[in-house]
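Hello,

Here is the structure I said I would pass on. My notes on it follow below.

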Amino acid sequence: MVRTRKLEVEPFELAALTWKGDAEITAWVRTRSEGTWSSWYELPGGADHAPNHTPDQGAGNASGPTASGPTTPGTTEPGTRHGTDPLIVERSDAVQVRVDAPDGAVPDSLRLDLVAPGDDPASVSDAPTASTQEAAQGAAVAGARVPRPRIRSRAAWGADESLRGDPPDYGEIRGAFVHHTVNTSRYSRSRVPRIIRSIYRYHVQSRGWKDIGYNFLVDRFGRIWEGRYGGIGRPVIGAHTYRYNDQAFGMAAIGTYTGTVPTMRMRRAYQELFGWKFAVHRVDPRRRVRYEQGRLPAIAGHRDVSATACPGHELYRRLDQIRRGTIAAMELVPGRDLNVNWRPELLATTRAGRLYLAKGNGDGYAAPRRAGSGWHRMDGLATPGDWNGDGIDDLVARRKSDGSLWLYPSADNGNLGSKRQIGWGWQGINAIVGAGDFDGNGRPDLLARRRSDGSLWLYPRRANGITFAQPRRVGTGWAGMSAIMVVGDWNGDRIPDVVARRRSDGSLWLYRGRGDGAFRPARLIGSTGWDRYQLVAAGDVDDDGRADLVGRRGDELALFRGDGRGGFINKQRLAGRWGGYNRIV
């Protein structure tokens, strides 16, 4: 154990230790602010933590004994230093440090780095910087399906652009990582730019990186801040998650969330940013991502790939909520992308038992292609989403002869794999509906109506496996409905809804979901005449970011465009020659 004396220093707002090599360091620090000494704080780091960040090529203007030569991403070449997580403190003028090395040898290169954020700029702007504006415009078409949240620019937090290296590096976006910055979570709005500038200077001047490591940051007030330079809509390689930086972007929550619950505004900001960014780069948050190092959820925590507590227990345990919110932000309707083209497909069968799949193309469907035979033996076809957890949406169907329920897993080319039985005794059910994650637990569900009394039941998938957990009744009096569809977020509240057609007059009704498998009172959204169509909850057929219905009447296939507020924009004819099919799914 090594302890320094109390050191009188120039005012600073960030403290950390850096060193060369792979030594394991455990350190504590305390600081003096306005004449009062703080408690001792541990600085997480050491050999297990420092390599979690990828050093950069072309480091920025580092100060102190750090080289400025190029390094290779994913390595620890000269020009970068290992370091602890930075400790953000109130303006302080004295510091004391304790250091422990397991082997008893403190590296000669060990250095105490104290960072002052600099004075606040005379004026800051929330308008995008030139590079950000250019990137956002370039990504406008790709990201048009999901609104871009307000993102405060680097100028808004006072980035000194002379410090960073140039040019930025670009990779690809397969997913995202959630981080926290490990500092107090009780900060004011006005202090946030100073915190970000301190982290920026530490990453560049102390660690030898070319820029701040995170692509984005979010404060407890829900404000999103541009991090690394290069364009918010582009796949900028950051330095946030070692070995994954060129395949994913990282967003850091400002604060420490080990024991502090992240605010709802912060969590909503994650959902909105991830939803927009995923839309730009065509990432589906429902699917596990194939990284070069293995498969992970599209939204993962830093601790999923590194020996670190980041992003803290309370934030990490809410990643499922962020994932579900991202899906809602993207207005995805579960269960219709059977060939992983990121658009909903339409299934149809003939009386002879042939199964056809029509691929979505952004404004309708391609010509149907044959996908199977023998389907005259099956009824109750439903698309529940990714039922078996392989990252591809699946098909469920009931065998007419014995009422058994079967799963038909999809391959990424739209073909169906070998079927597996997942249920028995479904003869008493007269409507089976793919519901996606209807109860908000992160797993796909089915809705089913019982023939005996018209009650509606939720059949959730088990947490482990492909069979069902205990079903529960979610409605009564549904015998009077001739069609039941889970349409996704139909009214813009980011909660899945149900649309049903009344048998007596062909009217259409919206049952707004509550997010827990229950409904709010129904309201009329379509007058009489809907019984002339065979209807399907088709997802976002026309790529406008809103869920739609598709109906077939005789030979005509029609699109009923949802307006995202609980109603319809208009009806459009999609195609003819659909009269040869006895059902569409």
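Buried residues make up 57% of the 585 residues in the chain. Please keep in mind that this is a predicted model. The accessible surface comes to about 23300 Å², and carbon and sulfur atoms account for 44% of that surface.

In secondary structure, the chain has six helices and 36 strands. Of the contacts with a separation of 6 or more, 61% are between residues 24 or more positions apart.

Next, the nonpolar cores. The largest has 60 residues. Tyr-270, Leu-273 and Phe-274 are the residues with the most contacts inside this core. Helix H4, residues 264–281, supplies the largest share of the core, with nine residues. What does Leu-273 touch, not counting residues up to four places away in sequence? Its partners are Pro-149, Ile-151, Phe-216, Ile-224, Phe-249 and Met-251. There is also a second, separate core of 16 residues, and Phe-438, Val-474, Trp-478 and Val-498 are among its members.

Last, one of the sheets. This open sheet has four strands in the order S20-S21-S22-S23, and the pairing is antiparallel. Its edge strands are S20 (378–385) and S23 (420–423), each of which pairs on one side only. From one strand to the next, the twist averages 35 degrees. Strand S20 is joined by four bridges to strand S21 (residues 394–399). In S21, Asp-394 is the bridge partner of Gly-385.

Regards

Note on methods:
Residues numbered from 1 in each chain as written. Predicted model: local features only at pLDDT ≥ 70, side-chain atom pairs only at ≥ 80, totals over all residues. Heavy atoms only, no water. Core = buried A, V, L, I, M, F, W, Y, C linked by side-chain atoms within 4.5 Å. Buried < 20%, exposed > 50% of the residue type's maximum accessible area, 1.4 Å probe, protein only. Helix = DSSP H or I, 4+ residues; strand = E, 2+ residues; numbered from the N terminus. Contact = heavy atoms within 4.5 Å. Areas by Shrake-Rupley, 256 points an atom, 1.4 Å probe, with all protein chains shown as cover. Pairing = 2+ DSSP bridges. Axes fitted to C-alpha atoms, helices over the stretch in contact; angles between N-to-C directions.
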